[in-house]
Amino acid sequence: MKIAIFGSCVSRDTAEFMPEAEVVAYVARHSVTSLESPHGTAGIDLSDLTSAFQKRMVTSDLKGSGIERIVKNAGDLDVVLLDLVDERRGFWKFPDSTTMTNSIEVESCGAARTARREGARLIEFGTDEHFTRWSTGFATLIQELRAAGLWEKTILLDIEWAGAVDGAQHPQNDGFASLGRRWRRLQRGSREAGRELSRGRGIADAWQSMRNIKPTEAEEYAERASAANQSYEKYRTFARSVLQISITRYSAELRIDPNHRWGPQPFHYREKDYESISTEISENMNTDNRR
């Protein structure tokens, strides 16, 4: 089974659970906005990136050439997987309206600093400006897939972020649950302030320590996932409206794998989650083959 991916870890990790899968084209760190208005490589120094894979992905984004790498393999492909993970960090919009995806690699190599110096603005995921540019870029992606005869082979992995680690309950995100988390954090802060006072520190220091109390790991995961999934809603709705096949998993169905090889994150799931998604991909492909 030959697979192309336009997305990131959600699709790539899922592919590893698909028997006899071969990823022949992997387009990552590449917002669909770059398909329409790529900034180009001029003036962007990627020399601090030590990985050939990272350089290749960022260069592809700067040139807006990601879809070309998929289309050229169109005749061999069995399925194209899309996910929106790389959209979450937003993109840089330069004064000439060209764009560059705000990937971790772009920040780590200093390209983001270069963008700021050149007057670029970071367009954040979830804002109206981001959604407008993204939706036209996504439409371009689908148009290219249609032209290459790949639209009916394309599957959207519509996967929310997990808000709890494996073994824990899914957090409630209603007003009462949110208030409860804030109250527990305040209680921890009060205890820490009391310890500061018992050590002879002043009231100002005790108050500062109370204000600076950090969320627990569980609270951080829950809050990050909740915020990300809310911002994601309009994107998933648009993407599902233009694709024939989508595979959806909601946050309550998923859990973070604490032993994931890339570390625990709300978008790094359990093996059983990947297995479930990969099984549904195979079922969709078999259904298409019977038509």
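Buried here means under 20% relative accessible area, with exposed over 50% and partly exposed in between, using a 1.4 Å probe and protein chains only. The strands are DSSP runs of E, at least two residues long, and the helices are runs of H or I, at least four, numbered from the N terminus.

Quick word on what we're looking at: this is a predicted model, where local features need pLDDT of at least 70, side-chain atom pairs count only at pLDDT 80 or more, and totals for chains, interfaces and linings use all residues. Residues are numbered from 1 along each chain as its sequence is written, and side-chain values use heavy atoms, with hydrogens and water left out.

Back to β1. It pairs with β2, residues 22-27, in the parallel sense over five bridges; two strands pair if DSSP finds at least two bridges between them. Look for I5, which stands opposite Y26 in β2.

Now, β7. How many of its residues are buried? Six of the six, so β7 is largely enclosed by the rest of the structure. In a regular strand, side chains alternate between the two faces of the sheet. In β7 both faces are covered: T154, L156 and D158 are buried on one side, and I155, L157 and I159 on the other. Who are the partners? β3 pairs with β7 in the parallel sense over three bridges, with L82 opposite L156. β8 pairs with β7 in the parallel sense too, over five bridges, and there D158 faces T248.

Let's zoom in on I159: leaving aside neighbours within four places in sequence, it is in contact (heavy atoms within 4.5 Å) with V10, Y232, I247, R249, L254, Y269 and I277.

On a 1 Å grid over the protein atoms alone, a cavity is a set of points where a 1.4 Å probe fits but cannot get out; a pocket is an open set with protein on both sides within 12 Å along at least five of seven lines, and lining residues have an atom within 4 Å of a point. Points are joined across faces, edges and corners, and a volume is the space filled by probe spheres set on them.

There are two cavities of 30 Å³ or more. The largest has a volume of about 60 Å³, and its lining includes F6, H30 and F138.
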